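Hi,

Here is the structure I promised to pass on to you. My notes on it follow below.

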Amino acid sequence: MVIGALKSVGSALLLVALFLVAATAAPAMSAPKSPVHDHGELAPVSGIAVHADAEVLSSGVLTVREILTVPEGQQVTRTIPLRTQVAADIERRFDITNVTTDGPVTVDVDRDLATIVATAGESTVYYSFHGAVSDATAEQLVLWPISGTTEGPIERFSATIVAPSPRQAIVNCYAGNAGSTQRCTLAGVEHSGGIRAQHTDLNAGQRIELVTALPTGTVAANTEFRDILTFNRAFAFTQPVLVGLGIVGLIAIVAALAVAGARRRDRAALNSEAPFSGTLIRTGTAVEFASPDGILPGHAGVVFDETVDPVDLASTVVDLAVRQYLWLSEVDGPDDTADWQVSRRNDPDSALHEFESRLIAAVLPEGTDSTTMSELHRRPDLNLEPVRAALRHDASVQGWLRNSHTQSPLWWAGVALAAVGVIAIPVLALTIGHAVLGAALVLLGVVAVVAPQFLPPRTAKGQQLVSDVRGMLHYLHTVDEHSIPEEDRETVFSRSLPYAVVLGETDHWIDTFGDLDPESNGASGIYWFGGFEGNRNLRRFRTHFPPMLNSLEGVFAETHHQATLAKQA
C-alpha cells in the first residue's frame, strides 16, 4: 500500500515537472529571429555605436543593414570610398545601390563616394554593395570596407558577415588610418560559419576594413578594375596605338609610292618618242590638221613647261590670225624700219576661250581696230597678267594641270584629319587613353597635306597630253608636204604653224613647206598674213615671219617684266 502510494505521488510530480518545462520552453521556441542573422547581445555604450550586418549573395553582391545609434546632441558622418587606387595606374571600383533608410539618417551616393550622415537617435540604413568579390589563386576574396572613413569618433563599430558557404575564413581585419595594418579589436568566426568583427574607439579619419575568404566558385566574382589615366598610360604605345600607327605608316608608304609613280610617269611623258597618229585626218581625198585632245597652241605651251611664256601668247596671236579673228601684215615702220600690224578681222565669239578673248581685248581695246608692234611697245596700259591667269586657269579646268591656287579635296581632308587629331589627343588622354592615336591622325593629316605638294603639276590627263604633244613634234619633224594634197597644203601648213611656234620648230616647219605656193588656189598670198601677195613660195615669208614673231614675243616679255617689278615694288 505504501509503495503504491509513493508511486502515485512520484508520477504526479513527474507530470507537474514536464508541464513546467513545456510552459517555459514554448516562449523561447516562438521568439522571432533577427532580420539578417543572430549576432548576440552587445553591451551598451555611452557614445556613438554602429552595427552592420552583411550577407554575400550568389551574385557576389553584399546586402548590408546598418543600425546607427547616436546620443542626443551628436552626429556621425562617414564616407565609403567607391574608387580606391590599388596600383600606380589601376583603381578598384565599387558601387552602392538600392539604398533605403529609416530614422534620422541620409545617404548620398556619387561616382566617388557614398556619404552617410546620422543625427541623434537610432536609424537604419539598407543598401547593396557591388564589387567586393574577386577571384584569387585558390579561393575567392571578399573585401568589405565596413565603416568607410569617419569624420568623428565612434565608440564602437561592430559587424557580421555571412556567405552561402560555411567555410568562410578571415583573411584580415584592419582598423585605424587608411593603409595602416592595425588589427581590429575583435575578429573571429562564429559557430554558424559567419564572421564577427568589432573595433572600439574609432577616431576621425580612421576606417575598418574586413577581408574574408570563400572557396573557389562559391559566388560570382564582380570586382571591377579600371586603368588610371596617368601621363605614361595615356600616351603609351598600346595595341590600338600600334595598329593606328601601322595604318598611318602603310598609308604614308602608299602615298610615297603613288607620288614616285606619278613623277616617273611625268618624266616618261616629257621624254616620250611615240608619234601621235591623229595629227593629220584624212576624209576621202582631203587632209586636215587636228591637235591632240583639241588643245590650242597656248595650252600646249603651258602644259608642256607649266608656265605661261611669251611664246605661248605669241603662238596664240598667230593661231587667232590663222582662225581669222585677227589679221597680221607687214608695214613700214618709223625710220624706214619694218613693222607689223595687228588688225581686227572678226569679232570674238563663243568659240573662243576666255584667255583668247582677253588677249584680243588687251591688244585691241574697245574702239581700236588695229595697232602695230611699235605702238604696243609704247603702251603703258598693256596688261597681260589677266590673260596669263586665264590661260593657266583654263589648263586646270581642262584637267591637264593641278590648280595651284585652289587646294584639292585631299588637302582639305588632311587639314580636317589633323584638326581632329589635335582635338583627340587631350580628349583621349583625359578619357580612355590611347592618346597617341590622336597624334597618328595628325600624322595622317600631314601626309594628306604634304603628299600632293610633291606631285608633278601635270595630272595623268596632262601627262597623256604632253606625250601626245611630243608625238606632234614627231609629226612636225617627219611630215612630207608632198603627201598632202596640194589644195590642202596651205591650210595644213597654217593650222600647224602656231604649234610649231610654241614648240620651237618655226624655222624647220617653214623650211619643210618652203616651196608651198600660197596662190595655187587662186587666192592672193597667205590668207591670214598680208604683205606677201604675188609670192609663189614661202622663201620671203621665211625671212620676215620670225622677226615679227620675235617682236611680238618681246612685247609680251616686256609687259610681264613690268608686271613682276610692279608686284615687287
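Ser329 has Gly530 in β22 as its bridge partner. Strand β19 (residues 326-332) and β22 run parallel and are joined by two bridges; strands, numbered from the N terminus, are DSSP runs (E, at least two residues), as are helices (H or I, at least four), and two strands pair if DSSP finds at least two bridges between them. The open sheet here has four strands in the order β21-β20-β19-β22, with mixed pairing. Because β21 (370-372) and β22 (529-530) stand at its edges with a single partner strand each, one side of each has no neighbour in the sheet.

A word on the source: this is a predicted model, where local features need pLDDT of at least 70 and side-chain atom pairs count only at pLDDT 80 or more, while totals for chains, interfaces and linings use all residues. Residues are numbered from 1 along each chain as its sequence is written, and side-chain values use heavy atoms, with hydrogens and water left out.

Now to the helices. Ile251 lies in helix α3 and, at 35% relative accessibility, counts as partly exposed (between buried, under 20%, and exposed, over 50%; 1.4 Å probe, protein chains only). Helix α3 covers residues 239-270 and also holds Arg264.

Leu443 belongs to helix α10 (residues 436-450). Its relative accessibility of 44% makes Leu443 partly exposed too. Between Leu443 and Val248 there are 7.3 Å in space, C-alpha to C-alpha, although they are 195 residues apart in sequence.

Enjoy looking through it!

Best wishes
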